[in-house]
Amino acid sequence: MSFIKTKIINFFKLIFPSTYTELAVFLFFIICYGILGSYIAFHYRIIFDSRIPWDAYFSFDNKSILMTGGSFERHPLSYYFFNWIRELALLISNGKMDVTFRLTLAWLSNLAISLNILQVFKYLKNIIRLPQRLSMLIILFFGIFSTNIILSFTPENFTYTLFLLTLYNHYAAIKLRKEEKTPAIALSLAAITIGGLTITNFVKVFIPVLFEKRLFKDWKKMGNAFVRVLIATICYALLYLNRIDFKYENILSKTNQQYEKFSNVESMPTWDMILSFFFGGNILFPGFIITDKHNMKGFTYKGLYMDLYSSAFSYLFIAVLLILIGWSYLKNFKNKWVQVMMISFFIDIIIHCVMRFGLHTSYIYGGHFVFIYPLMIGWLFYAYRTSPVIVSFLTLTVSILFIYLFFNNSFRMSEFFWFMETYYQ
C-alpha cells in the first residue's frame, strides 16, 4: 500500500507545483491567462458558438472538436476525452451552452497551458539545473509565445497535447537521469493519451526508450524495450480499432483524403510559409487576414487567419531564434536529452515542411513542438555555464527577443480583440 501511495504522491508532485517557487510560477500564469480567457468568455462568443464548427480564428475547430473529438484518422481517441470535457462543462453550466459553458472551457484550457508552463519550468530547474534567474527569463519568454496565449482559452486538441507532451518529456528526462527504464504502463498511457489526441505524436512517445542506458549493448534490454513498446502499441491499436468498429480500411482512405486536402496549397511561397507559419507563427504573431466563412447550413461568419510576415524585424527575430536552437543542438549534440527533443522536432519538420501537410496553417501545430524552443535555449545556457561572457551575451539576446515578442504579441492581440469586438459580440 505504501508503494502505491508513494507512486501517487510522486505523480502529483510531477504534475503540480511542489515548491513555493513552482507555485508562484503556476499562479502567475494561471492568473494572467485566466484574466484573458475570462474576459473573452464573458464578452464574446468566439470560444464556442454552436453555429460555427471550424475556423473562427486561426483554423481551430472548437465546436467540431468539442462535439466529436475531430476526425478519427488524425485524432483517434480524442472523441472520448472531449466527451468528458464537454460533459463537465455542461454539468457546471446546468446543461446550457452559455457564458458559463464558455468560461469553463476557457479555464480548463487555462489550467492545461499553465501546467504546461510549469512543466517547462520544472525541466529547466530539475533536469538542466539552470540558475533561477535564467529559468525565470526563459519561462517568461515562453509564456508569451502566441501558441500559449491562444491555447490558454481555446478548447482544442493542441491545448491538451501541448501539456501532455511537456509532461511526458519531463517524466522521460527524469527516467533518463536516474538511468531507469520507462515502465510499460507509462509508455502505454503516454501512447494512448498523446497519440490518441493526435496520431502523428504517437511515435514520439518511444523516442526516450532509444536512449536508455546500454540499450543497444545488451540483448536482454533490447528485448525488454521491444516488449514494452509492443504492449503500448497493441493497447493503442485495439482502442483505435474499437473506436472505428474495426473498419481499418477507412483509416488509409481517410488519411489519403486529409493529406490531399491539406498538402496542396500553392498560394504562398513554401519558404515563406515555413518561416512565417511553421517556425514563426506559433511564437511571434504576424499580421492577420479576415475571410468570409459559412457552416454549410446557411450561416455565414468571419474567420481570422495569420498572414505571412511583412516586417524584416519579424524575419530577423525568427532567424536569431533558429540560430540559438541550431547552436544549442550542435553544442549539445552528444546530450541524450537534447537528442530526444530534436528527434521529436524533426518528425514535425518532416510532416509539415517536407511533406507539406497543413503547411499553410502550420502555426496551429505549435502545440506539438513549441516547448522545445525554451528547453533548447536552456541547454544552450547550460553548455556555457562556465563562460560568464557567453552567458551574458545569451542573456542579453534572449532579453531583447523577449521585449520584441512582448510588444509585437501585445499589439497583435489588440487586433484580435478588435476582430472579436466587431464580429463576435
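Strands β1 (residues 288-294) and β2 form an antiparallel pair with seven bridges; strands pair if DSSP finds at least two bridges between them. Strands (E, at least two residues) and helices (H or I, at least four) are DSSP runs numbered from the N terminus. The model is predicted: local features need pLDDT of at least 70, side-chain atom pairs count only at pLDDT 80 or more, and totals for chains, interfaces and linings use all residues. Residues are numbered from 1 along each chain as its sequence is written, and side-chain values use heavy atoms, with hydrogens and water left out.

**The hairpin**
- Lys293 has Tyr301 in β2 as its bridge partner.
- Five residues lie between the strands of the hairpin, where Met296 takes a positive phi near 70°.
- In strand β2 (residues 300-306), five of the seven residues are buried, meaning under 20% relative accessible area with a 1.4 Å probe, protein chains only.

**The largest pocket**
- The largest pocket holds about 1,600 Å³ of space, a volume being the space filled by probe spheres set on grid points that are joined across faces, edges and corners.
- Among its 48 lining residues, Phe11, Leu14, Ile15, Leu167 and Leu189 are the closest to the centre.
- A pocket is an open set of points on a 1 Å grid over the protein atoms alone, where a 1.4 Å probe fits, with protein on both sides within 12 Å along at least five of seven lines; lining residues have an atom within 4 Å of a point.
- Helix α8 supplies the largest share of the lining, 10 residues.

**Thr104**
- Thr104 lies in helix α5 and is buried, at 10% relative accessible area.
- Leaving aside residues up to four places away in sequence, Thr104 touches Ala89 and Ile92, contact meaning heavy atoms within 4.5 Å.

Conventions:
Buried means under 20% relative accessible area, exposed over 50%, partly exposed in between (1.4 Å probe, protein chains only).
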